[in-house]
Amino acid sequence: MRGLSKSRIINHQQCPKRLWLQVHRPELSQTDASAQTRMDTGQVVGDIARQLFPGGVLIDTPDLAQAIQDTRALLAGPPRPLYEATFEVEGVLIRADLLIPDQGGYRLVEVKSATSVKDYYYADAAIQTWVVQRSQLPVTRIEIAHIDNSFVYPGHGAYQGLLKHVDVTEDIGGLIDDVPRWIHEARATLDGAEPVVLPGKQCSEPYGCPFTAYCSPPVAGYPPEILPYNRGLADALRSEGYADLREVPEECLHNDTHRRIWRATCAGTPELNPQAGEQLRALPYPRYYLDFETINPAVPTWTGTRPYMQVPFQWSCHIEYADGRMEHRAFLAENGDDPRRSFIEPLLETLGSDGPIFVYNIGFERSRLNELRDPFPDLASGIDAAVDRLVDLYPIAKANYYHPEMRGSWSIKAVVPTIDADLGYDNLQVGGGEAAQAAYLEMTDPNTDERRKHELYDALLDYCQRDTLAMVKLAHFLQAGPE
Ligand code: SF4
């Protein structure tokens, strides 16, 4: 009988091919940064969940046979919370996040780092319950503990209220009987040949699949999938046999953005609207080009912050004067203290009182500034004034410029290398927002040595500075218009 775990059965439900590859071709799996972040977050939230039920025992041996034995021995002793209690029934192995002693048995708690109960958690809880019940342990209640995003961290390690326990006993009642069938189907898949499954929604929902690179290798050239905001259209074009956007008849495209992308791609030349520079030429100097980096921990670490709140820790600002002089200023929080005040004070000073402040995709920077108003009322008027001066380069670029090598994207990282090939991000040690978050966490970790801290500090400064320099180049390019 093939051994299974809860996560394998869940993976099978997401996609039979995924489970088959996981077992028979594990070398094809590619874990991306977001999957790693999700796992790290799960661990941190799990630690807090255990702290909230103190006095228990963590069964953390990697030797699963030993873990099962330890669980049995502990359950035979005086009742106390068990963390990662391990059970095996009919070749299906599970580890329960929390077992909490209750009148007449145990509460079984699954801990999730999401901020609500998702539909797909019910199957997860049903498998846990099926195994635990068959292990002859009376389960009085089944709960999902998820993050309550209205929680505000009061400081001093007080996390009571961070997790909201939802009783799902009734919701999963009807699913428990389905578990033997799920197990049977997963085993049948594993005993067969590689399933034929076409890539689709299941590749990213509910979780990104680590076999995406195998099933959907990156396509060179200009596939229909580069058309933004309409996956259905790309699928329809594919099913009609179009593998290259340049072969698609224009009448198949029904919006201006798609037709513009199609036109520039077919012609192999960029399109730049001659009026692109009008709005920019009217703006005064000095001009500021601003970009933020933020961190959004599931478990808030700074007093007064909420779960998943975007806390800014870095900014970069290029300042351009009327005579063409350019100045660069930056801030990067170096230690793990609350970075917000030390972030905003020098920023407001740098931004002065006049001149447009360019950002790329205004919603992000504007929201971060607005969120700093409440904790620092003494700075509120300065923050309001800065918000009023924000100018978004993104819609100007989007309305006026497209280059075939942008491949359907107006992200700054797609746009700027088409204007200046030296301004790509591939040569940077930190090349994206997620990598910047990871670098910041490592840099502020007390266990990181000084040499590494300096390396990360420089890499973060380079990255954020590249973003604002890219905005300078883009603004100049749009303002100059076609040659
Ligand atoms: S990439 Fe998609 S089709 Fe391929 S195994 Fe994963 S979920 Fe299945």
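Q: Quick one to start. In which sense do strand β3 and β4 pair, and over how many bridges?
A: Antiparallel, over 7 bridges. Strand β3 covers residues 82-89. Keep in mind that this is a predicted model.

Q: Which residue in β4 is the bridge partner of L82?
A: That is L99.

Q: And the hairpin of β3 and β4: how many residues sit between the strands?
A: There are 2 residues between them. E90 in that hairpin takes a positive phi near 50 degrees.

Q: What about β4 and strand β5, parallel or antiparallel?
A: Antiparallel, over 5 bridges, with β5 spanning residues 105-111. L99 has L108 as its bridge partner in β5. L99 is also the β4 partner of L82.

Q: Which residue in the turn of the β4 and β5 hairpin has a positive phi?
A: G104, at about 85 degrees. That hairpin has 2 residues between its strands.

Q: In which sense does strand β1 pair with strand β4?
A: In the parallel sense, over 2 bridges. Strand β1 is residues 4-5, and β4 is residues 92-102. The bridge partner of L4 in β4 is V92.

Q: OK, zooming out. How many helices and strands are there in the protein?
A: There are 18 helices and 14 strands. The C-alpha atoms fill a box of roughly 80 × 60 × 40 Å along the principal axes.

Q: What percentage of the residues count as buried?
A: 32% of the 483 residues.

Q: And contacts between residues at least 6 apart in sequence: what share join residues at least 24 apart?
A: 67% of them.

Q: How is the protein divided into domains?
A: Into domain 1 (4-191), domain 2 (216-269) and domain 3 (270-483). The centres of domain 1 and domain 3, taken over C-alpha atoms, are separated by 40 Å.

Q: How many residues does each of domain 1 and domain 3 put into the contact?
A: Domain 1 gives 17 residues and domain 3 gives 13.

Q: Which helix supplies the largest share of the domain 1 side?
A: Helix α3, residues 33-51, with 7 residues.

Q: How do the residues on that side of domain 1 divide by type?
A: 10 are nonpolar and 7 are polar, with no charged residues.

Q: Changing topic. Which residues are around the ligand?
A: C15, K17, R18, L21, V197, P199, Q202, C203, C209, F211, T212 and C215. They divide into 8 nonpolar, 2 polar and 2 charged.

Q: Which helices each supply at least two residues of that shell?
A: α2 (16-24) and α8 (212-215). The largest share, 3 residues, comes from α2.

Q: In which sense does β10 pair with strand β9, and over how many bridges?
A: Antiparallel, over 9 bridges. β9 is residues 287-295. E293 stands opposite Q314 in β10.

Q: How many bridges join β10 to strand β11?
A: 7 bridges, and these strands run antiparallel. β11 covers residues 326-332. I319 has E327 as its bridge partner in β11.

Q: How many residues lie between the strands in the hairpin of β10 and β11?
A: There are 5. G324 in that hairpin takes a positive phi near 95 degrees.

Q: Now helix α15. Which of its residues are buried?
A: L393, I396 and A397, in a helix spanning residues 393-400. They cover an arc of only 95 degrees around the axis, so they lie on the same side of α15.

Q: What do the buried residues of α15 pack against?
A: Several elements: α11 (278-281), β12 (357-359), β13 (390-392), β14 (401-402), α16 (412-415) and α18.

Q: Say I pick A459. Where is A459 found?
A: In helix α18, residues 450-480.

Q: Why does A459 count as partly exposed?
A: Because 17 other C-beta atoms lie within 10 Å of its own. Buried would take 20 or more, and exposed would be 12 or fewer.

Q: Which residues is A459 in contact with, leaving aside neighbours within four places in sequence?
A: Q429, V430 and A439. The C-alpha atoms of A459 and L428 are separated by 7.2 Å, though these residues are 31 apart along the chain.

Notes. Residues are numbered from 1 along each chain as its sequence is written. This is a predicted model: local features need pLDDT of at least 70, side-chain atom pairs count only at pLDDT 80 or more; totals for chains, interfaces and linings use all residues. Helices (H or I, at least four residues) and strands (E, at least two) are DSSP runs, numbered from the N terminus. Two residues are in contact if their C-beta atoms, placed from the backbone, lie within 7 Å. A residue is near a molecule or strand if its C-beta atom, placed from the backbone, lies within 6 Å of it. Ala, Val, Leu, Ile, Met, Phe, Trp, Tyr, Cys and Pro count as nonpolar, Asp, Glu, Lys and Arg as charged, and the others, Gly among them, as polar. The arc is that of the directions from the helix axis to the C-beta atoms. Domain bounds come from an automatic or database domain assignment. Two strands pair if DSSP finds at least two bridges between them.
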